[in-house]
Each structure stands twice: as C-alpha cells, then as structure tokens.
Amino acid sequence: MKHIIIVGASSGIGRRVALDFARMGWNVGIAARRIERLEEICGLYPDNIVCKSIDVTADDAVERFYDLIELNGGADVVLYAAGVGWSNTELSLSEDVQTVAVNVGGFTRIVNAAYRYFRDTANCRRGQIAAITSVAGTKGLGVSAAYSASKRYCQTYLEALGQLARMQRVAVDITDIRPGFIRTPLLKAGRRYPMLMDLDYAAPRIELAILRRKRVQVIDWRWNVAVGLWRIIPAALWIRMPVKL
C-alpha cells in the first residue's frame, strides 16, 4: 500500500485529492490549520486517512509534518496544496505579507522538510514531492503581484530541487502542477474568471500528473496554450498590457 501526505487538505484541491487517493486505497495523511475540517474528512475514510493540524507559517510546522508522516506509516508522495492569494490592486500590505508567509515561507518549510525526509530515509521506492503552484507564476500579474511572485518562487524552488536531487543522487521525483482558475473557495464568489474549471474536471488531471510523476503539468490544455503565449511576450510589452484576471 502506498502513502501520500497532503498539506493544505481542509478544502478545495487538497481535500478532493485526499478523498480520491483514499478511494484508491492509499494511506493518506492530511494536514491544515483547521482540525475540525480534517477530522470530518478522516471520518469518511477512517481506515486509511489520518490527520494532524499544521500551521505552515509556525515554527513547529516541520516537527508536526514529520509527526504526520510517522502517523501515516510513511510517505511515498508529499503534496503541498496549501496557498492563499487575492486580487490586490490596492496593495494591502497585510494581504501581501500573508500571501508570502503561506505561499513562500510555508511552502519552503514543508517542501524542504520533504526533500530531507526522502534524502535521509532509505525507501524501497522512489519518493515524490508535488506542489500546486499556478499559471500565475509565468508572469508578474499587476492585479496579484504577491501571488504571482510567490508562485514563481515555488516553481523555481522545485526546479532547483530537481537539479539538486540529481547532483546528490536522491531518489525523489519533483512534480510542479500549474492550474489555471479552478472553482474552489480560494476564488471570490460571484466574480467571472476566464477559462474557469470545475474541480470535477481539474482534480483527475492533477491526480494523473502525480501518478505519472510529471515534471511540470499545466492544468488544462487551454491554459498551456495561454502561458506558452505569455512566455514569448517581451517584458517591455507585458508591462503595458492591462491583464485583468
């Protein structure tokens, strides 16, 4: 039986992926700040889901993350699905600071700890670190400066870990999952979003990227075309474009 740890599993993508992997028979360890929501998920699959409250911005996050791995009987895959973000054209400092704290600080704590776990633990199978980043990491978005910058950081960090794993001969694969807009609690209710995807559509594609150990997977093909076009736009032209997402 395989084991997966999902950090950021109380709602949205993380919750759905946790339930789907539990249905597939995996041992699933889930974490988030809100323990009551985690316990509700555990109650649906008490035989193969365990949970632990983890605030990824707290000093004890890594210790609690390792405790969850032990509680789950190990980890073959670690998925970082926690994240916050806002459309912040007013540049609210508190929103930007919180975005960086979770999407950069929390991400670094957990992904760094996951890498060291796979590096230092003798596993019979290759490990895998996966993270939900975003197509927003492709370019700096004026409407969400901190969010797009934080996702760019995550993508670069994952790329660097992939290189480091080869240099150090660590048996771990790195998967960077970059969704476009998915209908989850992260999005503002009532607002129109381009190329919006339902979770029922996006989740199987995310899970397939994990199971196939993809290095980078954009969700879905329409967003893959969009970000491909974004990449070839010169910076001098990009800053003149009124991109409103």
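Is Arg183 exposed or buried, and what is its relative accessibility? In this predicted model, Arg183 counts as exposed, because its relative accessibility is 51% and the cut-off for that class is over 50%.

## Arg183 and its partner

The side chain of Arg183 meets that of Asp198 in a salt bridge, with 2.9 Å from N to O. Both residues lie in the loop between β6 (172-179) and α6 (199-211), and the pair links parts of the chain that are 15 residues apart. Asp198 has a relative accessibility of 40% and therefore counts as partly exposed.

Salt bridges that share partners also join Arg16, Asp20, Arg23 and Asp200 into one network.

## Helix α1

Helix α1 covers residues 12-23. Its twelve residues should span 16 Å at 1.5 Å a residue, and the C-alpha atoms at its ends are 17 Å apart, which agrees with that expectation.

Ten of the twelve residues of α1 are buried, so the helix is largely enclosed by the rest of the structure. Among the buried residues are Gly12, Ile13, Gly14, Val17, Leu19 and Phe21. After α1 comes Gly25, which has a positive phi near 95°.

## Further salt bridges

How many salt bridges does a search of the whole structure find? The search finds ten. One of the pairs is formed by Glu40 and Arg15, whose closest N and O atoms are 3.9 Å apart. Glu40 lies in helix α2 (residues 35-44) and Arg15 in helix α1, so this pair ties together parts that are 25 residues apart in sequence. Both partners count as partly exposed: Glu40 has a relative accessibility of 48%, and Arg15 has one of 26%.

Another salt bridge joins Asp120 to Arg119, with the closest N and O atoms 2.7 Å apart. Here the two partners fall into separate classes of accessibility. Asp120, at 53%, counts as exposed, whereas Arg119, at 40%, counts as partly exposed.

## Surface patches

Asp59 is placed in the loop between β3 (49-53) and α3 (61-71). With a relative accessible area of 78%, Asp59 is exposed.

A nonpolar surface patch is formed by Trp221, Val225, Leu229 and Ile232. Together these four residues have about 480 Å² of accessible area. Leu229 belongs to helix α7, which comprises residues 221-231. In an α-helix there are 3.6 residues a turn, so residues three or four places apart point the same way.

## Backbone features

Most residues other than glycine have a negative phi, and most peptide bonds are trans. The residues below depart from one or the other of these patterns.

Leu91 is not a glycine, yet its phi is positive, near 55°. This residue lies in the loop between β4 (77-80) and α4 (93-120). Leu91 is exposed, with a relative accessible area of 54%. Arg213, likewise a residue other than glycine, also has a positive phi near 55°. Its place is the loop between α6 and β7, and Arg213 is partly exposed at a relative accessible area of 29%.

Which residues are joined by a cis peptide bond? The bond lies between Ile219 and Asp220, with omega at about 5°. Asp220 is located in the loop between β7 (216-219) and α7.

## Ala146 and Pro204

Ala146 is part of helix α5, which runs over residues 145-168. Its relative accessibility is 12%, so Ala146 counts as buried. Between Ala146 and Pro204 there are 28 Å in space, from C-alpha to C-alpha, and the two are 58 residues apart in sequence.

Terms used. Residues numbered from 1 in each chain as written. Predicted model: local features only at pLDDT ≥ 70, side-chain atom pairs only at ≥ 80, totals over all residues. Heavy atoms only, no water. Helix = DSSP H or I, 4+ residues; strand = E, 2+ residues; numbered from the N terminus. Buried < 20%, exposed > 50% of the residue type's maximum accessible area, 1.4 Å probe, protein only. Expected span 1.5 Å × (residues − 1). Patch = residues over 30% accessible without salt bridge, like charges linked within 9 Å, V, L, I, M, F, W, Y side chains within 5 Å. Areas by Shrake-Rupley, 256 points an atom, 1.4 Å probe, with all protein chains shown as cover.
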